[in-house]
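I am opening a notebook on this structure and will write down what I look up, entry by entry. The sequence and the model come before my notes.

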Amino acid sequence: MKILEVKNLSCAFGGLMAVSDLSFELHKNEILGIIGPNGAGKTTVFNLITGFYLPLKGEIIFNGKNIVGLKPYQITRLGIARTFQNPRLFKKLSVMENVMIAMHKVYNAHMLDAILQNKRYSVEESLQKERAEEILEFFGLYRRKNDTAENLPYGEQRKLEIARALATNPTLLLLDEPAAGMNLNESLELVDLIATIRDKFDLTVLLIEHHMEVVMNICKRIIVLDFGMKIAEGNPEKVRNDPRVIEAYLGKEVKGVIH
Ligand SMILES: Nc1ncnc2c1ncn2[C@@H]1O[C@H](COP(=O)(O)OP(=O)(O)OP(=O)(O)O)[C@@H](O)[C@H]1O
């Protein structure tokens with residue numbers, strides 16, 4: 001079943017085509033990888049899907065509805081969550097507060113309930129707290145729930161970033177280089193975690209990643225971008241041996257990274 005369909009998507013900055021006539025599909029519970037050299041347009045695709053950027057042309061169909069033109073908060077409420085290349089945490093707040101704030105993006109109680117602190121508000125608040133604790137437990141961060149986010153080791157900050165995205169109750173999760181800055185062992189541990197959250201939370205995942213071990217391990221299908229265009233698509237083996245992909249990478253400093 002198709003959950004996301006990107007059709008002929010283009011986005012330009014001045015004269016630069018950051019994304020050019022891009023089409024791809026994402027099926028329910030799939031983990032699809034997006035790779036490509038620096039500046040290939042990967043993050044721009046995320047910014048387009050999540051409503052941070054408006055495309056020049058094209059459609060983004062999520063669960064049968066074209067979401068182009070919707071605001072980021074509306075897209076979050078439809079069930080798309082994302083992480084950023086550099087974790088965007090509230091560094092001075094606690095781990096728990098970070099997750100609770102993310103939950104308020106999809107809050108059901110009205111502002112008035114919050115001001116009045118009425119029953120609906122307190123029921124909602126305690127349900128959210130329970131769910132936040134469950135998510136933190138799952139990420140091994142429960143014991144850290146009262147720590148300030150900036151005091152977490154880097155790998156745990158990255159996990160908290162994913163936990164915050166999950167707190168909005170998504171069906172589609174966009175992960176932008178979740179293993180950036182991690183060593184190989186940490187990256188492989190993250191691969192397991194991503195596969196587990198996909199199963200536990202019934203998610204579909206779109207994953208941008210520079211660590212080839214991560215992508216090749218976890219994604220059955222990968223699309224490759226170069227200069228905003230899709231130059232290859234297929235399983236890891238096919239992509240790894242595609243001459244256009246090899247050439248795209250050989251031109252850059254990441255020589256040999258795909259093998
Ligand atoms: N807001 C913006 N204004 C101007 N140019 C932009 C903007 N966002 C992205 N670009 C340009 O669009 C191109 C694609 O950038 P993008 O960040 O999507 O690439 P990327 O594949 O995610 O790269 P990286 O792997 O380095 O993160 C780059 O040339 C970038 O400089």
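This is a predicted model: local features need pLDDT of at least 70, side-chain atom pairs count only at pLDDT 80 or more; totals for chains, interfaces and linings use all residues.

Entry on burial. I then asked how many residues of S8 are buried, and found 5 of its 5 residues in that state. In a regular strand the side chains alternate between the two faces of the sheet. Going through S8 with this in mind, I saw Thr 204, Leu 206 and Ile 208 point one way while Val 205 and Leu 207 point the other way, and all are buried.

Entry on the core. Leu 207 came up again when I turned to the largest nonpolar core, which has 68 residues and in which Val 99, Ala 163 and Leu 207 touch the most other members. I noted that this core draws at least three residues from each of domain 1 and domain 2. Looking up Ala 163 in turn, and leaving out residues up to four places away in sequence, I listed its contacts as Val 99, Ile 135, Leu 136, Phe 139 and Leu 141.

Entry on the domains. The domain assignment gives domain 1 as 1-79 + 170-258 and domain 2 as 90-161. Their C-alpha centres lie 27 Å apart, and the contact takes 7 residues from domain 1 and 5 residues from domain 2. On the domain 1 side, I found that helix H2 (residues 72-78) gives the most, with 3 residues, and that this side has 3 nonpolar, 2 polar and 2 charged residues.

Entry on the ligand. Last, I looked up the residues around the ligand, among them Phe 13, Leu 16, Asn 38, Lys 42, Thr 43 and Thr 44. Strand S2 (16-27) and helix H1 (42-49) are the elements that give two or more residues to this shell, and H1 gives the most, with 3 residues. By class, I recorded the shell as 4 nonpolar, 6 polar and 1 charged.

Definitions and conventions
Residues are numbered from 1 along each chain as its sequence is written. Domain bounds come from an automatic or database domain assignment. Two residues are in contact if their C-beta atoms, placed from the backbone, lie within 7 Å. Helices (H or I, at least four residues) and strands (E, at least two) are DSSP runs, numbered from the N terminus. Ala, Val, Leu, Ile, Met, Phe, Trp, Tyr, Cys and Pro count as nonpolar, Asp, Glu, Lys and Arg as charged, and the others, Gly among them, as polar. A nonpolar core is a set of buried Ala, Val, Leu, Ile, Met, Phe, Trp, Tyr and Cys residues joined through C-beta atoms within 7 Å. A residue is buried if 20 or more other C-beta atoms lie within 10 Å of its own, exposed if 12 or fewer, and partly exposed in between; C-beta atoms are placed from the backbone. A residue is near a molecule or strand if its C-beta atom, placed from the backbone, lies within 6 Å of it.
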